[in-house]
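Here are some notes for a first look. Please keep the structure open while reading, and take the points in order.

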Amino acid sequence: MRGSLKMEKEPMKVLVTGAAGQIGYAIAPMIARGIMLGPDQPVILHLLDIALAAEALHGVKMELLDAAFPLLKEVHATTDVTEACKDVNVAIMLGGFPRKEGMERKDMMSKNVPIYKEQASALEEHAASDCKVLVVANPANTNALILKEFAPSIPEKNITCLTRLDHNRALSQIAERLKVYVADVKNVIIWGNHSSTQYPDINHATVTTPNGERPVKELDTDDHWLKNEFINTVQQRGVAIIKARKASSALSAASAACDHMRDWVLGTPKGTWVSMGVYSDGSYGIPKDIIYSFPVKCEKGKWSIVKGLKIDEFSRAKMDATAKDLIDEKEVAHSCLN
Amino acid sequence: MGKEPVRVLVTGAAGQIGYALVPMIARGVMLGPDQPVILHMLDIPPAAEALNGVKMELVDAAFPLLKGVVATTDVVEGCTGVNIAIMVGGFPRKEGMERKDVMSKNVSIYKSQASALEQHAAANCKVLVVANPANTNALILKEFAPSIPEKNITCLTRLDHNRALGQISERLNVQVSDVKNAIIWGNHSSTQYPDVNHATVKTPSGEKPVRELVADDAWLHGEFIATVQQRGAAIIKARKLSSALSAASSACDHIRDWVLGTPEGTWVSMGVYSDGSYNVPAGLIYSFPVTCRNGEWTIVQGLSIDELSRKKLDLTAEELTEEKALAYSCLS
């Protein structure tokens, strides 16, 4: 391995699957600049994609070299899943079968289940112990669940899916509404599935004001907006981006993935929680054995669900609806395995 | 108590480089992790919807440093109050287009942007031209914005500089962060001269000249130069798209080092208004080795230039002089 004279931390190995795609192109320079793991954490990137994308993947590797990133110690670009998974400490799973027009949910599921089953085995056998996994590719929660089920020796706490994008979207919708800086809004929650059944919940969200932290509900008394338009906007935001850009939200997804992993590894700020899709332990009356988005705090490389938050009737119904959605997805996924 | 936000304009912001660049700026890669920014994104009306999509995504990413986003097709609104301007927008070369056609399209664009910047940007606005032909676009901008200090108008050759460092690091199997002081002379085009005569590598026994460690002048004068010169084409061949990621990253490096200063003992390459140093004709935007301090760049003087280098420095200067003449002919 190439050495450097500076007294530096040992590099961390980060796998990105589907790395030749749009989100991969956005996330690779973010990781290489230390946005995911900190400005003093050297990284080694493992980029994986399918054979069809090999040349494009190589182009990404070339560009990463061309950018002369000080923190980026090595780049391995490969179509071989074993090579890609070898000793990785962090795995960002962007690769999956995208939904095409006219595809039924079952078709989508039947394409992705085999992918995540295979990747599960490879990660289990070759990744570093305690590898932290973030599934981004949709259907994110269920892909993560399949991965968990076929990689039983990966601690279940280490397999998560991305709802931080929805969380960040919720924060910024509140910030725009209240005309405050997004950095002053915190503690929204995304419950459930990263799909249109997600429940963006601001009941416990606060805004930092000159008079201290105030509940969002107090500053915006328009309950109707909060229960309707706000929720719809956040749920449908992905579609709105596609309509405007004619391409999906790579920039913000990549950024949110960095936030998810950074907070997980380096810890959430005091008094702040974030949303992560994690393996349900039955908290808040949510069924176990699904990957469900909860409010979590992170410390010393571990997340823990924020307990004891009051759940009103409106929220209860929404949380249950998205849980049901995930149970249905799980059944469809399992039926694809037979 | 944070710093006052800095306003950063990105033109052509709805394109590929813009999409890579704006999250970098919003994360503090360009101006530092404690410097709040307000982004001004400008593009042409056909791109208005896509541009709004980028604005939406910047909002959705909840960047703590990003204090505002202006997405506009109005050049005055785009330029108002900006402290930094990254000019990514330009007319791309299409198949079958003659050099004169590309030049004449871009000359008009940069003439008009020059006026807008001069009238509406903040005083001491720092300008980086990325869109090709970068050097000549920057020259046109300079000539039609006479009240912008000429030192404030630059073009990007940091991408080529970084590419040169990367090639040396691969050849020597060292970390790219241990290689420094390459030079890109001249035009950001295929006549650029990537020069490692003064480049060094940090080794366990101190800094050693690259030429000594490579010990293969034929490679350094041949394949190395060609690889760096042609790298853009190689990326397009592999990706079927041009090098947005590395261009955006290099643009951040260029501005960051300009604003925050180059590290001690290190220089970088920037396309700057020539003062005649190294017998390069004055009055061109030419890439030189520079150090930066207190927000100003200074050409590194006194480097020895061998015969081979002299020829290459002159060749790329000649090309720039021709481009300048061509650009002027478009204005008549």
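**Notes on salt bridges, a sheet, a helix and the interface**

1. Start with a link inside chain A. A:E8 and A:K73 form a salt bridge, with their closest N and O atoms 3.4 Å apart. The pair ties together distant parts of the chain: A:E8 sits in the segment before β1 (12-17) of chain A, and A:K73 sits in strand β3 (residues 72-78) of chain A, 65 residues apart. A:E8 counts as partly exposed, because its relative accessibility is 30%. A:K73 is buried, at a relative accessible area of 4%. Bear in mind that this is a predicted model.

2. Next, a link between chains. A:D66 forms a salt bridge with B:R231, and the closest N and O atoms are 2.9 Å apart. The pair crosses from helix α2 (residues 54-66) of chain A, which holds A:D66, to helix α9 (residues 223-239) of chain B, which holds B:R231. Are these two residues buried or exposed? A:D66 counts as buried because its relative accessibility is 1%, under the 20% cut-off. B:R231 is buried too, with a relative accessible area of 9%.

3. Another salt bridge pairs B:D60 with A:R169, the closest N and O atoms being 3.5 Å apart. B:D60 lies in helix α2 (residues 48-60) of chain B and A:R169 lies in helix α6 (residues 164-178) of chain A, so this pair joins two chains. Both B:D60 and A:R169 are buried. Elsewhere, salt bridges with shared partners join A:R33, B:R158, B:D253, B:R256 and B:D257 into one network. Over all chains, a search of the whole structure finds 38 salt bridges.

4. Now look at the interface as a whole. Chain A brings 49 residues to the contact, and chain B brings 52 residues. How much area is buried between chain A and chain B? The figure is about 4,400 Å², and carbon and sulfur atoms give 58% of that area. The interface of chain A and chain B holds ten salt bridges. One salt bridge to inspect is that of B:E57 with A:R245, with the closest N and O atoms 3.7 Å apart.

5. Which elements of chain A supply at least two residues each to the side that touches chain B? They are α1 (22-32), α2, β3, α6, α9 and α10 (250-266) of chain A. The largest share of that side comes from α2(A), with nine residues.

6. Helix α9 (residues 229-245) of chain A deserves a look. The helix bends by about 55° at A:R237. Its buried residues are A:F230, A:I231, A:V234, A:Q235, A:R237, A:I241, A:A244 and A:R245. The buried residues of α9(A) pack against α6, β9 (199-201), α8 (223-227) and α11 (313-337) of chain A, and also against α1 (16-26) and α2 of chain B. After α9(A) comes A:K246, with a positive phi near 65°.

7. Last, a sheet in chain B. Three strands form an open sheet, in the order β7-β10-β11, with antiparallel pairing. β7 (179-180) and β11 (206-209) of chain B are the edge strands, and each pairs on one side only. β7(B) pairs with strand β10 (residues 200-203) of chain B over two bridges, in the antiparallel sense. B:V179 has B:V201 in β10(B) as its bridge partner.

Methods. Residues are numbered from 1 along each chain as its sequence is written. Chains are lettered from A and ligands numbered from 1 in the order in which they are written. This is a predicted model: local features need pLDDT of at least 70, side-chain atom pairs count only at pLDDT 80 or more; totals for chains, interfaces and linings use all residues. Side-chain values use heavy atoms; hydrogens and water are left out. A salt bridge is a side-chain nitrogen of Lys or Arg within 4 Å of a carboxyl oxygen of Asp or Glu. Helices (H or I, at least four residues) and strands (E, at least two) are DSSP runs, numbered from the N terminus. Buried means under 20% relative accessible area, exposed over 50%, partly exposed in between (1.4 Å probe, protein chains only). Two strands pair if DSSP finds at least two bridges between them. The bend at a residue is the angle between axes fitted to the seven residues ending there and the seven starting there. Contact means heavy atoms within 4.5 Å. Buried area is the accessible area (1.4 Å probe) that two parts lose on being put together, summed over both.
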